[in-house]
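Look at the model below. This short report walks through its backbone, its sheet and its core.

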Amino acid sequence: ARIRRYKWEVKYDYRSPDCVKKLVITINGQTPGPTIRAQQNDTVIVELTNSLLTENVAIHWHGIRQIGTPWFDGTEGVTQCPILPGTTFKYQFVVDRPGTYLYHAHYGMQREAGLYGSINVALPDGQSEPFTYDHDQNIILNDWYHKSAYEQAVGLSSIPFQWVGEPQSLLIHGRGKFNCSKLTIPTLDTGVCNTTNPDCSPFRLIVVPGKTYRLRISSLTALSALSFQIEGHNMTVVEADGHYVEPFVVQNLFIYSGETYSVLVKADQDPTRNYWITSNIVSRPASTPPGLGIFVYYPNHPRRSPPTIPPPAPVWNNTRPRIAQSQAIKARQGYIHTPPLLSDRVIVFLNTQNNISGLVRWSVNNVTFTFPHTPYLIALKENLTHVFDQNPPPDGYDFMNYDIFKAPENKNATISNRIYRLNFNSTVDIILQNANTLNPNNSETHPWHLHGHDFWVLGYGQGKFDIYNDPKKYNLVNPIMKNTVPVHPYGWTALRFKADNPGAWAFHCHIESHFYMGMGLVFAEGIEKVGKLPSSIMGCGETQGLYRP
Ligand code: C2O
Ligand code: CU
């Protein structure tokens, strides 16, 4: 195993990812940031200098379990104090499994400002994947707002609530195209909106006829659920969140924020023309135009547009094909990790939207999450019991009386920083139960992401989860392991994981605004087994006295 060293400078730059000039956060001048490339069991060292001048930062290594290094998970408020402007912080961790992962800001709503990138972990020398391809390409999908993350965050915590609305653009690997005539304040100033700016020239994938491409497709959308498609080409899904998938073929890939997939695409269509690559919003009645890229057959001119109109988007509110795709994702034969057959604890998490005296929040089991000023990992390890509420939050909701198909009767919720303590090495089942939002006849899709673990996806269902009968339908034979999973509108999703990673770990909806509005929680396990905390993670809240440089 080797050491992979990176030196990153994080700062603001003016960029025009969708042709509209905006302040974005870059890493060494790039957004998406540089791809981290390593082999299984390598150590990655990132020395990050915060040059944002007026803003803190922290970076989370999404999908990397941080076994033995829970303090480098990069989750501000949970595993570390924020990195102050002008300082350098060293992350150091082992990438212990091959596959496709992500990194992104985990401080405030900074991810939306462009601070994200990919982590590709290859197999060790001499080992090979259970599929073959000629080329490997990362494609990060995103949605894009013209308003700053600050303006959005302030709106979310204002009374009355001010919602930023739907994103202006969809980006394919950091590139989109906004129609300048649609700006809210129209201008002819090409400094503001300029469709010939090279920042917003479309993403182009140049392919050689007959070759097979591994596309590592991931989503880091702030809000949107997406459908990704390559006109006229099938895609074979082979990897999900770093686990091999029993291959299946799709025309369009539904992908939720925080998920990563590898698909194989063969350049086997008429090579005399080019094809559209599209990304479209599903699950919301969005007005955002599709994200467009071009699948270019070599030696066609890369600027040549396809002769067709882009393929239509799936019907936004048809959940059936989305549930069907979720259910089709199974572990690949020969690579199955069988789950424990029984669990030690079952926690049902009812997902609701609430209104607490004019403040709109998201909750699980009627608790809306808020961070203490001292990161949990440090508070737990150093026994600072007064920094957060020590009572346990609820393991379920009022199952008999709560109608998940109606807006909540009681819109109130408890604002709390309580956490779930799990017995070390115990097996935990999580049932994510979706419900109606504050608006009648509306339920959203929430992609839930767990830090520090992969979980088995035991099943998906519609309506209210039945704790007596639904577990009988669990897939205990070949469930896929993932770190991010959707709960579909009015549906439930059942997960199982082993609490075998000493530390404090966030579990939250990956929609940036939902997490910001309280849709998350923290698990803690095996704290007595956590090694000595590095002083670099300290300095804030009650940890100031513990900071010994
Ligand atoms: Cu990718 Cu806690 O997030
Ligand atoms: Cu959500």
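A residue counts as buried if 20 or more other C-beta atoms lie within 10 Å of its own, and as exposed if 12 or fewer do; in between, it is partly exposed. The model is predicted.

Start with Asn-365. It has 20 other C-beta atoms within 10 Å, so Asn-365 is buried. Asn-365 is found in the loop between strand 21 (359-364) and strand 22 (367-369). Now take Asn-41. Asn-41 has 14 other C-beta atoms within 10 Å, so it is partly exposed. Its place is the loop between strand 3 and strand 4 (42-50). Phi is positive in Asn-41, at about 75 degrees, though this residue is not a glycine. Asn-365 also has a positive phi, near 50 degrees.

| Cis peptide bond | Omega | Loop holding the proline |
|---|---|---|
| Thr-31 to Pro-32 | near -10 degrees | between strand 2 and strand 3 (36-39) |
| Ile-159 to Pro-160 | near -5 degrees | between helix 1 (149-156) and strand 10 (169-172) |

Four strands form an open sheet in the order 2-1-4-6, with mixed pairing. Strand 2 (22-27) and strand 6 (88-95) are its edges, and each pairs on one side only. From one strand to the next, the twist averages 20 degrees. Strand 1 (residues 3-15) and strand 2 run antiparallel, joined by 6 bridges. Tyr-14 has Leu-23 of strand 2 as its bridge partner.

Last, the core. The largest nonpolar core has 139 residues, and Tyr-376 and Val-522 have the most contacts inside it. Beyond four places in sequence, the contacts of Tyr-376 include Val-78, Phe-388 and Val-522. Another core, of 5 residues, lies apart; Cys-19 and Phe-178 are among them.

Methods:
Residues are numbered from 1 along each chain as its sequence is written. Chains are lettered from A and ligands numbered from 1 in the order in which they are written. This is a predicted model: local features need pLDDT of at least 70, side-chain atom pairs count only at pLDDT 80 or more; totals for chains, interfaces and linings use all residues. A nonpolar core is a set of buried Ala, Val, Leu, Ile, Met, Phe, Trp, Tyr and Cys residues joined through C-beta atoms within 7 Å. Two residues are in contact if their C-beta atoms, placed from the backbone, lie within 7 Å. Two strands pair if DSSP finds at least two bridges between them. Helices (H or I, at least four residues) and strands (E, at least two) are DSSP runs, numbered from the N terminus. Axes are lines fitted to C-alpha atoms, for helices over the stretch in contact, and angles run from 0 to 180 degrees between N-to-C directions.
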